[in-house]
Structures are given as C-alpha cells and as structure tokens.
Amino acid sequence: MVSLVLPRKIIYNADSLEELLNLSRSYGLKNILIITDKVIRSTDYFKKIEEGLAKNDINVRLYYDISPEPNIETVNNIYEFIKGENIDLIVAIGGGSVIDVSKVLRVKLLRPDLKSEDISPFVPLNLENKFPLLVTIPTTAGTGSDASFAFVLKIKENNYEIKYASGNYDLVPYESILDINFLKTLPKKQLIITAIDGLANDIEGIVSINSNPLSEGIAIQSARMFFKYLPKVVENKDDEESLNYLHLAATLSGIAFSNSGVGLVHAIAHPLGSLFNIPHGMAVAIVMPYVINFNYKDKNAGKMYDEIKIALEQLDGFEIKKNLTEHLIDLYNKIGQPKKLSEIAIDEKTYKSSIDKIADLALRDPDLAFNPISPTIDEIKDILNKIY
C-alpha cells in the first residue's frame, strides 16, 4: 500500500498575519502559543504579526529560547512554561529546530503518557485534528519540517549529546504558511545551507527503498526548483519570484522525503554535525556528493539520479554533465558552498580520531535503513575520509 501524507493546507505566497487571523476566526482560536527563536523575534516583521494578533483580541504566549540545535529538554521547558494554560493553537515560526520542537511539544500536550523518545513511525498517536493544532511559518528554505512527519532533537547517550531522529504521521502540521518576508531576513550562508538540506531530502528520497511514484514526482520537481532558483536568490535576494519558488521547493521536499525517507547522507550528517557542532545543512551538503557516488553502484539508484540529471538538461537547459554529482558540484561552485570539512576549519587530527565514532553512530542511525545500498562500516569510514 502506498500513501501520501501532507499538511491539510499549504498557503503559498502568503501574508502570515492575515492567514493567522483567518484561522482564528474560522475556529474561534483565541489562545495562541508562538514558538520561535531570538533572532526571528527581534525582526520587525515578527513584531508586526505579534502586534496584529494582539489588536484582534488574541491572547499570545511567546516562547523564544530555542537554540539552533535543541534537545529534548527544550520541549520539557516549554511544557512547564505553559502548564495549566488553555492553548488553542501552536504557531511555529522558524527553521527546522523551532518546528521540530513544536511538533514534539504538541505530542507532549496531547499525550503526556508518552515519552518523546518513544515516538516512532510505527505506532499511531491518534492526534489528527485535535487541538491545539500546529501551524508552521517556515523561515528557511530547506528543512521541509513544515510539511514532514519527522523531527530531529538532541539526546544524551554515554556522555555524548547525539541527534535523535524519528517521526510519526500524526506530527505532520495542520497548515504551512509560506511567507517570503522571513526569507528576506535570512543571512545568505544560512539560506544556502538550509536550501541544500532541502535538495538533499529530494535526492535521498528518490533513491530510498521506500520511494514511490507519488514521492518521486514531487522530489524531482522540487530538486529542479532548487537547482534553478537557489543561485538566483543567492545573487539577488530581492528577486521575489525566485524566493517564492525556493520557499515552495522546500515544502515540496518535506512532503517528498516524509513519504519516502532519506538515507546515508543524513545517517552520516547527524553524528558529524553533533560531534563537531556543524549546522545540519552544512554537514549534509559536504557529505552528499560522496554518498551519491557511492549509491550510483546500485542500478536503480543510478537510474533515479539520472532522472533529475535528464530533467535539468532537457527541460531546464542545464549544460550536459557526466552524472548528477557533477551538477551538484557545479551548483556548489555557483553559490559558494564548501565541499570539504577542511574548508570549514575542522581540525584534521581531531576529526580523524573521531571517524570510528561517527561511523558507528551512522551505522545505527534509523535513516540508514532507507538507503538503496546497506554500507559496511568500512565503506562509511571511506566516505568519512574522503570528505575531509
């Protein structure tokens, strides 16, 4: 059986305040919890939304102490912050970290009997359409968390803080509001690495052993949009048409990978990012070309990679390349994306001494189960040596 799960509503090219007021009127929602981070909270556009809600007699509770790489304790802190209050709607305004925290918080509010670590794709939570609903306003162009069933949070394991990735279809947000006014405030470096994360979701999703015609079609379209519009936005952030397409590509990538899974790129990027404090999108970007080359050994994976390659060349007019990896490297060169860990000041000796640990954690990462090839630990170590 094949199914496709996505938000009930995706509002494209939206005005965030107007849509939140529409939701409030439609459902009688008067008590809203907004979860964001300190950077977004300080923007004029966020303040406009907060003030507009207050003027319409909506009670807003605001939590903004979200770090770029949050842990499970962050969820517990917000739970205590609003304990005993009646919350009608959770609004997550931010990138993947803010949205992932908000997903798990909603579970904790509706299912206090369930530990966050016990959330899995295999046990229904029965949360669909229950209040508080979760609405997302993504402020980056790549995580896809606003449309996905997944979350990634840090947990403690053997004195290490590692990234714990899981998900459940009941975590898919009710609505995603795509408003480019937040993208305009995003620093160029962060825009690039979040968009590359979205592209990785597409490229991993199409070769996942759980892929299907529905997810593949969405992933290929999304990947084409990333390749086409990311360089244009990097060159000119005032190009609103390209910003809108880039924002939509990110949400499409979230739908695609949420219904297919990812693979070895993410399995390596999770421990690599945790141990060396590398932003997730940067870790994914550096690992991805080498994993694509590794997966090309699988005949079906190679065929699916080439579907993107052919679409880029025959439909979008890109120069003919040997393989998808060459298109990806060309994209990196256009946008200034580093291709090696040595380019982002990771100490070689410290890194090389950690390869065994990273490989072991990657081999245990749940995302690895969806990769088209089951790598050995030595093959993972080979990739880890190549990326430095």
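Student: What relative accessible area does Ile-10 have?

Tutor: This is a predicted model, in which local features need pLDDT of at least 70, side-chain atom pairs count only at pLDDT 80 or more, and totals for chains, interfaces and linings use all residues. Residues are numbered from 1 along each chain as its sequence is written, and side-chain values use heavy atoms, with hydrogens and water left out. Buried means under 20% relative accessible area, exposed over 50%, and partly exposed in between (1.4 Å probe, protein chains only). Ile-10 falls in the partly exposed class, because its relative accessible area is 31%.

Student: Which residues make a nonpolar surface patch of about 290 Å²?

Tutor: Patches are made of residues with over 30% relative accessible area and no salt bridge; like charges are joined within 9 Å, and nonpolar side chains (Val, Leu, Ile, Met, Phe, Trp, Tyr) within 5 Å. The areas come from the Shrake-Rupley method with a 1.4 Å probe, and for residues only the protein chains shown count as cover. A salt bridge is a side-chain nitrogen of Lys or Arg within 4 Å of a carboxyl oxygen of Asp or Glu. The patch of about 290 Å² is made by Leu-4, Leu-6, Ile-10 and Leu-214.

Student: Which strands are at the edges of the open sheet of six strands?

Tutor: Strands (E, at least two residues) and helices (H or I, at least four residues) are DSSP runs, numbered from the N terminus, and two strands pair if DSSP finds at least two bridges between them. The open sheet has the order E1-E8-E5-E4-E2-E3, with parallel pairing. The edge strands, each pairing on one side only, are E1 and E3 (59-63).

Student: What angle does the direction of helix H5 make with that of E4?

Tutor: E4 (residues 89-94) pairs with E2 (residues 31-35) in the parallel sense over four bridges, and Ile-35 stands opposite Ala-92 in E4. Helix H5 (residues 96-110) packs on the sheet and touches E2, E4 and E5 (133-138), contact meaning heavy atoms within 4.5 Å. Axes are lines fitted to C-alpha atoms, for helices over the stretch in contact, and angles run from 0 to 180 degrees between N-to-C directions. The direction of H5 makes with that of E4 an angle of about 165°.

Student: Which residues does a cis peptide bond join?

Tutor: Most residues other than glycine have a negative phi, and most peptide bonds are trans. The cis peptide bond has an omega of about 10° and joins Phe-131 and Pro-132.

Student: What positive phi does Asn-277 have?

Tutor: Asn-277 is placed in the loop between helix H10 (264-276) and helix H11 (280-295). Asn-277 counts as exposed because its relative accessible area is 61%. Although not a glycine, Asn-277 has a positive phi of about 55°.

Student: How many residues apart are Asp-65 and Lys-38?

Tutor: The structure holds 16 salt bridges, and one of them joins the side chains of Asp-65 and Lys-38 (3.9 Å, N to O). Asp-65 is in the loop between E3 and helix H4 (72-81), while Lys-38 is in helix H2 (residues 38-41); the separation is 27 residues.

Student: Is Arg-224 buried or exposed?

Tutor: Arg-224 forms a salt bridge with Asp-316, the closest N and O atoms being 2.9 Å apart. Asp-316 lies in the loop between helix H12 (299-315) and helix H13 (324-335) and Arg-224 in helix H8 (residues 213-235), so the pair ties together parts that are 92 residues apart in sequence. Asp-316 is partly exposed at 21%. Arg-224 has 19% relative accessibility and therefore counts as buried.

Student: What is the C-alpha to C-alpha distance between Lys-237 and Lys-188?

Tutor: Lys-237 is in the loop between H8 and H9. Leaving aside neighbours within four places in sequence, Lys-237 has contacts that include Lys-184 and Leu-243; Lys-184 also meets Glu-240 in a salt bridge (2.5 Å, N to O). Lys-237 and Lys-188 are 49 residues apart in sequence, and their C-alpha to C-alpha distance is 8.6 Å.
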